[in-house]
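Please look over the sequence and structure shown here before reading the briefing.

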Amino acid sequence: MNIKPLSDRVLIEPAPAEEVTMSGIIIPNSAKEKPLFGTVLAVGNGTKDEEMVLKEGDQVLYGKYAGTEIEFEGVKYIMMRQSDVLAIITK
């Protein structure tokens, strides 16, 4: 990975949106529900006021409108602040 987030930011690969079909009708990408969870791919170093608690490989939940969508080498990611992450999923 050639992207290194700065400060308290994390790079997340969203889980793929589920494709729902009804009676042979395919829902276009623009109408698919955005996933609200994904995998942390890279983390920043944190700030002097807030240490980084997330680590690479964490499965996380985040808000519907959290972060900024970016595309790098044809793959879509979300860059957001650690504080925008709602929870870590543990199994």
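The notes below cover selected residues, strand pairings and a surface patch.

This is a predicted model, in which local features need pLDDT of at least 70 and side-chain atom pairs count only at pLDDT 80 or more, while totals for chains, interfaces and linings use all residues. Residues are numbered from 1 along each chain as its sequence is written, and side-chain values use heavy atoms, with hydrogens and water left out.

**Asp8**

- Asp8 sits in the segment before β1 (9-14); strands here are DSSP runs of E with at least two residues, numbered from the N terminus.
- With a relative accessible area of 7%, Asp8 is buried, a term for values under 20%, computed with a 1.4 Å probe and protein chains only.
- The side chains of Asp8 and Arg81 are joined by a polar contact of 2.7 Å. Such a contact is a pair of N or O atoms within 3.5 Å; within protein, one must be able to donate a hydrogen and the other to accept it, and residues adjacent in sequence count only if both atoms are side-chain atoms.
- Apart from neighbours within four places in sequence, Asp8 is in contact (heavy atoms within 4.5 Å) with Gly46, Thr47, Glu50, Met52, Met80, Arg81 and Gln82.

**Strand pairing**

- β1 pairs with strand β7 (residues 75-81) in the antiparallel sense over 4 bridges; pairing requires that DSSP finds at least two bridges between the strands.
- Val10 has Met80 in β7 as its bridge partner.
- β7 also pairs with strand β6 (residues 68-72), in the antiparallel sense over 5 bridges, and Glu69 stands opposite Ile78 in β7.
- A hairpin is formed by β6 and β7, with 2 residues between them. In its turn, Glu73 has a positive phi of about 55°.

**Gly38**

- Gly38 belongs to strand β4 (residues 37-43) and counts as buried at 2% relative accessibility.
- Leaving out residues up to four places away in sequence, Gly38 touches Ile12, Glu13, Pro14, Ala15, Asp58, Gln59, Val60 and Tyr62.
- Gly38 and Tyr77 are 39 residues apart along the chain, and their C-alpha atoms are separated by 9.5 Å.

**Surface patch**

- Phe37, Leu61, Leu86 and Ile89 make a nonpolar surface patch of about 360 Å².
- Residues in a patch have over 30% relative accessible area and no salt bridge, and nonpolar side chains (Val, Leu, Ile, Met, Phe, Trp, Tyr) are joined within 5 Å. A salt bridge is a side-chain nitrogen of Lys or Arg within 4 Å of a carboxyl oxygen of Asp or Glu.
- Ile89 lies in strand β8 (residues 85-89) and is partly exposed, with a relative accessible area of 34%; partly exposed falls between buried and exposed, the latter being over 50%.

How values were computed: Patches are made of residues with over 30% relative accessible area and no salt bridge: like charges are joined within 9 Å, nonpolar side chains (Val, Leu, Ile, Met, Phe, Trp, Tyr) within 5 Å. Accessible areas come from the Shrake-Rupley method with a 1.4 Å probe; for residues, only the protein chains shown count as cover.
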